[in-house]
Amino acid sequence: MIDTGEGKPEYLTKLVEGMKLCGCERISDIIVTHWHIDHLGGVPSVIDRFDHEIRVHKYMPERKEKLFGGEGSTDPYSIWPEDKFVPLKDGQIFRIDEDNTLRIIHTPGHANDHVTLFHEEEKAIVRLNLFSFNLFCRFFIVFSYKTVYG
């Protein structure tokens, strides 16, 4: 799963519905594209709903950014402890299944830990707010905020 949204309860309902439609039974990993609450905030609720063994991956910058208003107003490590993240590395290959891989590309700017994902086989950049995948399924469930929230 890539990003978890803000952690609104209605997201979990939509996620479960989408997974059922595609025959997806589990989530094994979450990749967090950056620390803002609208991307990281749902990690605890997804973990609680699905499996406490889900690995949560995030690029870990050398320095932490200062908090600011809106999406950057919450300390990310108050949502998910720093030591529980599996660090992502720039250039790392993340294997979804035998036919699908994502290359992690560190793209600071919007946030100092921001990553963009490159789908190697499709030669496509994955840079969406909510883009979910299951490592044991050969499909992608794509959600937009409009679909999830309204």
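Let's start with K58 and D113, whose side chains meet in a salt bridge, 2.8 Å from N to O. The term means a side-chain nitrogen of Lys or Arg within 4 Å of a carboxyl oxygen of Asp or Glu. K58 sits in strand β2, and D113 in the loop between β5 (100-106) and β6 (115-119), so this pair ties together parts 55 residues apart in sequence. Strands here are DSSP runs (E, at least two residues), numbered from the N terminus. Buried or exposed, K58 and D113? Both are buried. Buried means under 20% relative accessible area, exposed means over 50%, and partly exposed is in between (1.4 Å probe, protein chains only).

A word on the model. It is predicted: local features need pLDDT of at least 70, side-chain atom pairs count only at pLDDT 80 or more, and totals for chains, interfaces and linings use all residues. Residues are numbered from 1 along each chain as its sequence is written, and side-chain values use heavy atoms, with hydrogens and water left out.

How many salt bridges does a search of the whole structure find? Five.

Next pair: D29 and R55. Their side chains form a salt bridge at 2.7 Å, N to O. This one links distant parts of the chain: D29 is in strand β1 (residues 29-32), R55 is in strand β2 (residues 55-59), and they are 26 residues apart. D29 is buried, at 2% relative accessible area. R55 is partly exposed, at 42%.

Last pair: E6 and K8. Their salt bridge spans 4.0 Å, N to O. E6 is partly exposed, with 35% relative accessible area. K8 is partly exposed too, at 33%.

Conventions:
Helix = DSSP H or I, 4+ residues; strand = E, 2+ residues; numbered from the N terminus.
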